Amino acid sequence: MRKSSKAASLLATAAIFLAGITLAACNKAEAPGVPVAASSASSTTGSAKGDFGPPQGEPIKAVLTSPPNVPPATGRKAPAKVIVELEVREVEMEISEGVKYTFWTFGGTVPGSFIRVRQGDTVEFHLKNHPDSKMPHNIDLHGVTGPGGGAASSFTAPGHESQFTFKALNAGLYVYHCATAPVGMHVANGMYGLILIEPPEGLTAVDHEYYVMQGDFYTTGKYREKGLQPFDMQKAIDERPTYVLFNGAESSLIGDKALKAKVGQNVRLFVGNGGPNLVSSFHVIGEIFDKVWFEGGSKSQENVQTTLVPAGGAVIAEFHTEVPGTYVIVDHSLFRAFNKGALGMLKIEGPENKAIYSGKEVDSTYLGDKAGDLSTVAVATKAAETGVLTKDMQIKAGAALFTGTCSVCHQANGEGLPGVFPPLAKSDFLTQDRAKAIAVVINGLSGPVKVNGKDYNSVMPPMSQLNDDAIANILTYVTNSWGNTGDQITQAEVAKVRANTPRPAGSAH
């Protein structure tokens with residue numbers, strides 16, 4: 001009886017062992033996007049990771065691309081020596097319309113150039129620091145196995161170049177960033193990017209691959225305050241960003257710069273988060289990710305609505321397009337999207353499929369003031385800077401801003417909604433006191449109000465996202481439309497009302 005029991009126990013143990021082998025084999029084949037790395041150790045190096053031997057063939061110079069573009073697949077069956085040449089540049093660029101910022105960049109863009117290599121490649125990395133730079137810089141690549149991810153080997157003064165070599169042992173999507181002290185400041189100024197280490201068999205073919213990376217920015221001026229804005233260290237320490245952005249600017253994925261695809265295509269997004277502080281809740285409104293390789297690794301999840309991207313982390317998201325329209329890309333921590341800039345567009349063209357969705361629409365509620373053509377706003381901003389701003393310029397700029405900011409409640413024709421949102425057309429409320437009208441936009445208005453002899457009772461929140469010039473342009477447009485008086489509201493008037501308005505400590509501007 002004991003022998004029989006012992007035999008049964010051995011058989012059970014063997015069955016569990018075999019089941020474990022089978023399960024491990026299934027897990028390794030699970031993710032077609034980023035398969036699990038080969039685990040057989042090299043007899044010469046002793047590495048238990050993705051070491052597939054020495055480089056074969058002639059050295060290859062890596063193709064680097066600026067966001068949102070992605071380099072082509074490596075298409076190689078064997079490891080190679082890959083030479084990456086990346087230059088640090090400190091560049092003044094527009095962070096928002098009419099707002100300049102001095103970015104510190106890898107390759108002249110935020111995020112930095114996209115790097116694509118194959119697992120097992122030997123990467124010879126050259127980091128150059130442009131002679132015009134004011135700061136030394138280095139690079140920490142999360143895809144590097146070694147102290148500092150290359151940071152200690154790449155400290156580079158302005159006008160100099162550093163070189164180091166590493167073997168890409170682990171397949172996945174990895175962040176790289178500057179790690180020169182103060183590290184947070186270098187990252188906050190835009191010094192981050194992505195490196196993709198393809199598995200040996202490569203990624204599955206798709207129609208489009210795009211590069212999107214979120215970052216939080218800290219300026220001394222408030223959101224959309226015009227002019228050149230310096231970095232604010234205290235805001236960064238307190239984790240109170242002025243902007244939260246995709247690809248370094250409010251305009252980076254908007255309008256003509258929107259990502260594009262056609263109905264029936266497969267799209268792959270390489271999404272990173274440079275931080276330095278915030279975690280991203282990445283979401284495409286109106287799409288569901290068919291697969292997400294979370295944290296840039298080898299495991300995938302299916303049918304995902306919103307995916308978390310940690311600071312210093314990444315994800316790969318894939319989906320198949322079904323119906324046309326403009327899909328809004330956001331950080332679903334929503335005040336970041338609509339009041340700090342974390343918003344982009346994916347425009348899908350093609351035939352409608354009303355069995356899936358009733359019709360093609362652009363949702364101005366989600367897009368806000370980015371729904372229309374903002375070129376008139378840029379014209380007005382430049383004219384104000386040079387002292388040639390006209391009333392007509394203000395009206396045109398105000399019309400564009402009104403469409404995305406005010407028309408949902410007050411309606412495109414200015415008639416409002418009975419009993420709730422008062423009319424702006426032929427409004428006695430607007431004409432009786434200019435300063436009061438400005439104050440309502442700045443501070444909001446709650447409770448009963450009488451306009452044109454009729455009662456309304458609702459809540460208008462403070463338009464804290466609007467600066468003085470935007471409010472002046474919107475009110476100039478409103479007061480010159482729908483039978484109103486034809487007044488011109490100036491930026492100076494708005495600034496005066498704002499300055500004379502008591503604000504509770506810690507409130508928005």
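Predicted model: local features only at pLDDT ≥ 70, side-chain atom pairs only at ≥ 80, totals over all residues.

**Entry 1: the whole chain.** I began with burial: of the 509 residues in the protein, 48% are buried (buried is under 20% relative accessible area, exposed is over 50%, partly exposed is in between, with a 1.4 Å probe and protein chains only). Residues are numbered from 1 along each chain as its sequence is written, and side-chain values use heavy atoms, with hydrogens and water left out.

I then looked up the elements and got 12 helices and 23 strands. These are DSSP runs numbered from the N terminus, with helices being H or I of at least four residues and strands E of at least two. For contacts (heavy atoms within 4.5 Å), I took those with a separation of 6 or more, and 69% of them join residues 24 or more positions apart.

**Entry 2: Thr 105.** I found Thr 105 in strand β3, residues 99–106. Is Thr 105 buried or exposed? Its relative accessible area is 0%, so I wrote down buried. Its side chain reaches the backbone oxygen of Arg 89 at 2.8 Å and the backbone nitrogen of Gly 108 at 2.9 Å. Skipping neighbours within four places in sequence, I listed what Thr 105 is in contact with, including Glu 87, Val 88, Val 110 and Met 191.

**Entry 3: Gly 107.** Gly 107 sits in the loop between β3 and β4 (115–118). I noted it as partly exposed because its relative accessibility is 32%. Beyond four places in sequence, Gly 107 touches Leu 86, Glu 87 and Ser 113. I also checked Gly 193: it is 86 residues from Gly 107 in sequence, and the C-alpha atoms are 9.9 Å apart.

**Entry 4: the cores.** I looked for nonpolar cores (sets of buried Ala, Val, Leu, Ile, Met, Phe, Trp, Tyr and Cys residues joined through side-chain atoms within 4.5 Å). The largest has 28 residues, and those with the most contacts inside it include Ile 95, Phe 114, Leu 173 and Phe 270. Among the elements giving two or more residues to this core are β3, β8 (172–177), α2 (183–188) and β10 (208–217). A second, separate core has 26 residues, including Val 271 and Phe 319. Back to Leu 173: among the residues it touches beyond four places in sequence are Phe 114, Leu 194, Phe 270 and Val 271.

**Entry 5: a sheet.** I traced an open sheet of 5 strands with mixed pairing, in the order β13-β21-β20-β15-β18. Two strands pair if DSSP finds at least two bridges between them. Which strands stand at the edges? They are β13 (259–262) and β18 (306–309); each has a single partner strand, so one side of each is left without a neighbour in the sheet. Inside the order, β15 (residues 280–285) and β20 (residues 325–331) run antiparallel and are joined by 4 bridges. I spotted Phe 282 opposite Asp 331 in β20.

**Entry 6: helix α7.** Helix α7 (residues 391–405) has 15 residues and reaches 20 Å from its first C-alpha to its last, close to the expected 21 Å (1.5 Å times one less than its number of residues). Its buried residues include Gln 394, Ala 397, Leu 401 and Phe 402. The buried residues of α7 pack against α6 (375–386), α8 (407–410) and α11 (468–479).

Key:
Polar contact = N/O pair within 3.5 Å; in protein donor to acceptor, adjacent residues only side chain to side chain.
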